[in-house]
Amino acid sequence: MKRSAAEILREYGPFPGVDHVHGVTFDGQHVWFASGDKLNAFDPASGKKVRTIDVAGHAGTAFDGQHLFQLAEDRIQKIDPKTGRVLATIPAPGGGGDSGLAWAEGTLWVGQYRDRKIHQIDPETGAILRTIESNRFVTGVSWVDVELLHGTWEGDESDLRRVDPQTGEVLEHLDMPQGVHVSGLESDGGDQFFCGGGPSGKVRAVRRPRRGGAKGSGSRS
């Protein structure tokens, strides 16, 4: 297992009216993050907030290429980003104890914070298709290429972990600096991750470790 320090490339925020960052996702152009009663979008080049949708957002956020998915207490909302309308809802597997959210393989992947699990679920019904165990509190969840990653946050320590999507075995750690927390997590499909900073009200860009082989387009979380 490889272990290294996370390299923070940039910090965004804090943003006006935002006191906590929950879920984070990327639509190919803008970074979206949940802040309790709103979904916010900003331009990662300029750092400026460009959009706000009034919708409950208490944990993970995901993007499937067309729709946003947002954890709100004990449910997952499917949202049209153009209009802000909630198109459908399904039950969240943790009944309110859910954390991260990702889209990959035509399904949703949902972190369970204190249960230390990641569930793959049917996006139409919420049925659990399979479960991966972790040994740390799970926060954000993301897919990039064929890699599954999740954030952790226990006490004053957070890290990013690349795990085997079949077994849950930890393949790589990226340790965040002491006191820097990870709430949401998303890949930009390339060389960096966007990490929600919890009560700091910030989103941080973290460098993706280099590995051999060609890179493809990442799945959104």
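Modeller: Let us start with His22. Leaving aside neighbours within four places in sequence, His22 is in contact with Ala34, Ser35, Gly36, Gly57, His58, Ala59, Ser183 and Gly184. The model is a predicted one, and the contacts of His22 are computed from it. His22 lies in a loop, the one between β2 and β3, where β3 covers residues 24-26. Is His22 buried or exposed? The relative accessibility of His22 is 18%, and buried means under 20%, so His22 counts as buried.

Tyr12 belongs to strand β2, which runs over residues 8-12. Six residues, Tyr12, Phe15, Phe26, Phe33, Phe42 and Phe194, form one aromatic cluster. In the structure there are nine aromatic pairs. One of them joins Tyr12 and Phe42: the ring centres are 4.7 Å apart and the planes stand at 40°, so this pair is tilted. The pair links distant parts of the chain, since Phe42 sits in strand β5 (residues 39-42) and is 30 residues from Tyr12. With a relative accessible area of 4%, Tyr12 is buried. Phe42 is buried as well, at 0% relative accessibility.

Ala205 lies in strand β21, residues 203-207, and Tyr12 is among the residues in contact with Ala205. Ala205 has a relative accessibility of 1% and so counts as buried.

Ser134 is in the loop between β14 (128-133) and β15 (138-144). At 17% relative accessibility, Ser134 counts as buried. Setting aside neighbours within four places in sequence, the contacts of Ser134 are Arg116 and His150. From Ser134 to Arg210 the C-alpha separation is 24 Å, and the two residues are 76 apart along the chain.

The chain as a whole gives the setting for these residues. Its secondary structure consists of zero helices and 21 strands. The radius of gyration is 15 Å, close to the 17 Å that the globule rule gives for 221 residues, so the chain is as compact as a globular protein of that length. Along the principal axes, the C-alpha trace spans about 45 × 40 × 35 Å. Of the 221 residues, 56% are buried. Among contacts between residues at least 6 apart in sequence, 46% join residues at least 24 apart.

That leaves surface and charge. The accessible surface of the chain is about 9300 Å², and carbon and sulfur atoms account for 46% of it. There are 26 positive and 30 negative side chains, and the centres of these two sets lie 4 Å apart.

Key. Residues are numbered from 1 along each chain as its sequence is written. This is a predicted model: local features need pLDDT of at least 70, side-chain atom pairs count only at pLDDT 80 or more; totals for chains, interfaces and linings use all residues. Side-chain values use heavy atoms; hydrogens and water are left out. Helices (H or I, at least four residues) and strands (E, at least two) are DSSP runs, numbered from the N terminus. The radius of gyration is taken over C-alpha atoms; the globule rule is 2.2 Å times the number of residues to the power 0.38. Buried means under 20% relative accessible area, exposed over 50%, partly exposed in between (1.4 Å probe, protein chains only). Contact means heavy atoms within 4.5 Å. Accessible areas come from the Shrake-Rupley method with a 1.4 Å probe; for residues, only the protein chains shown count as cover. Lys and Arg count as positive and Asp and Glu as negative; His and the chain ends are not counted. The place of a charge is taken as NZ of Lys, CZ of Arg, CG of Asp or CD of Glu. Rings of Phe, Tyr and Trp (its six-membered ring) pair if their centres lie within 6.5 Å; planes under 30 degrees apart count as stacked, over 60 as edge-to-face and the rest as tilted.
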